[in-house]
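Here are my notes on this one, as numbered points. Have the viewer open while you go through them; I start with the aromatic rings.

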Amino acid sequence: SPIGKWFHYGTIRIENEAINNTIKISDISRPHEFLRVIERSMHPENNHFHIEPNLEKLLTLEEHERLEFKSSLRYDHKNNQINKDLERAALKTIAAFLNTKGGHLIIGINDKKEPMGLHKDYETLRRQDSDGFENHFTQVFNFMIGPEFRHLVKLWFNPYQVIEICIIQVAPSNRPVYLKFEDSEYFYVRTGNVTTPLKLSEVEAYRRSRWPQRITASI
C-alpha cells in the first residue's frame with residue numbers, strides 16, 4: 001500500500017508448489033532485507049565461493065554429476081584452430097550445473113585427466129593471460145546464458161605441474177537457466193556424468209520438482 005511503501009513495511013509469501021502450501025509473514029519492516037536472509041538460508045551453497053576448490057582432490061575423481069574435465073575452452077587441439085563449438089559445449093555443461101546441483105568444470109585437463117593447459121586458449125585472445133581468458137568467458141557466458149547468472153560462477157586459475165588450468169566453480173541456480181544458441185533456447189541438466197537436454201514437455205515437470213518454492217515480497 002502507499003503507506004507501506006512510505007514506512008517500508010510489507011509482506012513476504014513463501015509458496016511451496018509441490019505441496020500447494022503458502023506461508024505468509026505480514027506487516028514486517030523492510031521485507032526485502034528479510035527476503036535476502038531467507039534466500040541465503042535456502043541456498044547456502046551460493047555463499048561458498050570464498051573457499052577455493054581442492055585441485056588435487058578433484059583430479060583424483062572421475063567425472064560425475066558435479067565434475068567434468070575439458071581440454072580447452074575454445075582451442076581445438078585436434079585441428080589446431082579455434083572451434084566455437086567447444087565454447088558451446090563448455091557453456092552447456094555450466095548451464096546443466098546451474099540447473100542441477102552445481103559443480104566444477106576443469107578447463108585444461110582432458111577427460112583422461114592428462115594436462116593440456118590454457119596456453120593455447122590464451123594465444124587465441126587479445127589479452128593472452130588469465131584476465132583475458134576470464135573476460136572472454138564472461139562475454140560468452142553473458143551472451144549464451146545471461147549476465148543475471150554470472151554471480152553464480154567463479155573462475156579459479158591454478159598452476160599444475162608446468163601449466164596453468166582453470167577451475168570453473170558453479171553454484172546451483174534458484175530458477176531455470178536456458179542456453180541460447182542460434183535464436184533458440186535449450187534446457188540442460190546433469191544425469192550422472194552426462195549433460196542431458198530436456199524436451200519442452202519435460203521442463204515444466206522438472207521445474208516444479210527442482211524449484212518448488214517461490215518467494216515474493218510486496219509492499
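1. A search of the whole structure turns up six aromatic pairs. Rings of Phe, Tyr and Trp (its six-membered ring) count as paired if their centres lie within 6.5 Å; planes under 30 degrees apart are stacked, over 60 edge-to-face, and the rest tilted. Take Phe137 and Phe141: their ring centres are 5.8 Å apart and the planes sit at 35°, so this pair is tilted.

2. Before going on, the ground rules. This is a predicted model, where local features need pLDDT of at least 70 and side-chain atom pairs count only at pLDDT 80 or more, while totals for chains, interfaces and linings use all residues. Residues are numbered from 1 along each chain as its sequence is written, and side-chain values use heavy atoms, with hydrogens and water left out.

3. Phe137 and Phe141 are four residues apart in helix α6 (residues 130–144), so about one helical turn separates them. Helices here are DSSP runs of H or I of at least four residues, strands are runs of E of at least two, and both are numbered from the N terminus. Phe137 is buried at 1% relative accessible area, and Phe141 is buried at 0%. (Buried means under 20%, exposed over 50%, partly exposed in between, with a 1.4 Å probe and protein chains only.)

4. Next, Phe187 and Tyr206. Their ring centres are 5.8 Å apart with the planes at 65°, so the pair is edge-to-face. Phe187 lies in the loop between β10 (184–186) and β11, and Tyr206 in helix α7 (residues 200–210), so the pair ties together parts 19 residues apart in sequence. Phe187 is buried at 3%; Tyr206, at 18%, is buried as well. Ring pairs link Tyr178, Phe187, Tyr206 and Trp211 into a cluster.

5. Then the hairpin. Strands β11 (residues 188–191) and β12 (residues 194–197) pair in the antiparallel sense over four bridges; DSSP has to find at least two bridges for strands to pair. Arg190 stands opposite Thr195 in β12. Two residues lie between the strands, and Gly192 in the turn has a positive phi of about 65°.

6. Finally, which side chain of opposite charge is nearest to Asp121? Arg74, 5.8 Å away; Asp121 is buried yet has no salt bridge (a side-chain nitrogen of Lys or Arg within 4 Å of a carboxyl oxygen of Asp or Glu). The backbone nitrogen of Arg74, though, lies 3.0 Å from a polar atom of the Asp121 side chain.

Definitions and conventions:
Lys and Arg count as positive and Asp and Glu as negative; His and the chain ends are not counted. A polar contact is a pair of N or O atoms within 3.5 Å; within protein, one must be able to donate a hydrogen and the other to accept it, and residues adjacent in sequence count only if both atoms are side-chain atoms.
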